[in-house]
Amino acid sequence: NLKSQISNHKEMAIDLLKRAGWFVVFVLVQAVVLGRIHLFICATPLFYVYFVTQFPRNYPKWGILLWSFMLGVMIDTFSNTPGLASASLTMIAAIQPYYFELFVPRDSVDDLKPALSTIGPLKYSYYIITLVLLYCLMFFSLELFTYFNWVQWALCVGGSTAITLMLIFTFESAKLNR
């Protein structure tokens, strides 16, 4: 019993370190590279939302909320978007565990991770498209709240959703081919 507890703690520590590493990578990539890209003045890649969509089935809901909020705070800090990313990511984090359950068979393993390889291309596509679209809807609704221009809002939501999904599916395909 003691061996299994020690093994459990090791696994949790390794998971925490991996997640912290990915956290830093997503913040740096967004702050240094992706945050400076604005295609056609409306499409910005928001690849960091992928971090929130990848929590496994059994991950504590409070942990997902905490990681997501902290990621949002860091993105907001480097992108000069006070509260936009943190509010939007926290909303996605509140939805993610419940939404992921809709795509998982009841008899599947407890630590199942959302990926093309684990739940299949069709289910994963529905899962990721919905979460990214919800994120972009929330983010750009908050950003354009003071002067609401429907056309600009729709272009930002559509363009950013499309470019973000392109990055996510490219990343997932690369993971499959490893």
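## How the helices pack

Let's start with handedness: α3 and α4 cross in a right-handed sense. Keep in mind that this is a predicted model. The two helices, α3 (residues 61-79) and α4 (residues 84-101), pack with their axes 7 Å apart, at an angle of about 160°. Anything over 145 degrees counts as roughly antiparallel, so that's the label for α3 against α4. On the α3 side, the residues that meet α4 include Ile64, Leu65, Ser68, Phe69, Gly72 and Val73. Facing them from α4 are residues such as Leu84, Leu89, Ala93, Ala94, Pro97 and Tyr98.

Helix α3 also packs against α1. Here the axes come within 9 Å and cross at roughly 25°. With the cut-off for roughly parallel at under 35 degrees, α1 is therefore roughly parallel to α3. The α1/α3 crossing is right-handed. Helix α1 brings Leu16, Arg19, Ala20, Phe23, Phe26, Val27, Gln30 and Ala31 to the contact, while α3 supplies Trp67, Met70, Leu71, Met74, Ile75 and Phe78. Two of those α3 residues, Leu71 and Ile75, also turn up in the list of residues meeting α4.

## A loop threonine

Now hop over to Thr44, in the loop that links α1 (2-32) and α2 (49-53). Is Thr44 buried or exposed? Its relative accessible area is 12%, and the cut-off for buried is under 20%, so Thr44 counts as buried.

Its side chain has a polar partner: the side chain of His38, at 2.8 Å. Leaving aside residues up to four places away in sequence, Thr44 touches Leu34, Ile37 and His38, plus Ser160, Ile163 and Thr164.

As for accessibility, Cys42 is buried at 11% relative accessibility. Cys136 counts as buried too, at 0%.

Notes: Residues are numbered from 1 along each chain as its sequence is written. This is a predicted model: local features need pLDDT of at least 70, side-chain atom pairs count only at pLDDT 80 or more; totals for chains, interfaces and linings use all residues. Side-chain values use heavy atoms; hydrogens and water are left out. Helices (H or I, at least four residues) and strands (E, at least two) are DSSP runs, numbered from the N terminus. Buried means under 20% relative accessible area, exposed over 50%, partly exposed in between (1.4 Å probe, protein chains only). A polar contact is a pair of N or O atoms within 3.5 Å; within protein, one must be able to donate a hydrogen and the other to accept it, and residues adjacent in sequence count only if both atoms are side-chain atoms. Contact means heavy atoms within 4.5 Å. Axes are lines fitted to C-alpha atoms, for helices over the stretch in contact, and angles run from 0 to 180 degrees between N-to-C directions. Angles under 35 degrees count as roughly parallel, over 145 as roughly antiparallel, 65 to 115 as roughly perpendicular and the rest as oblique. A crossing is left-handed if the near helix is turned anticlockwise from the far one by less than a right angle, and right-handed if clockwise.
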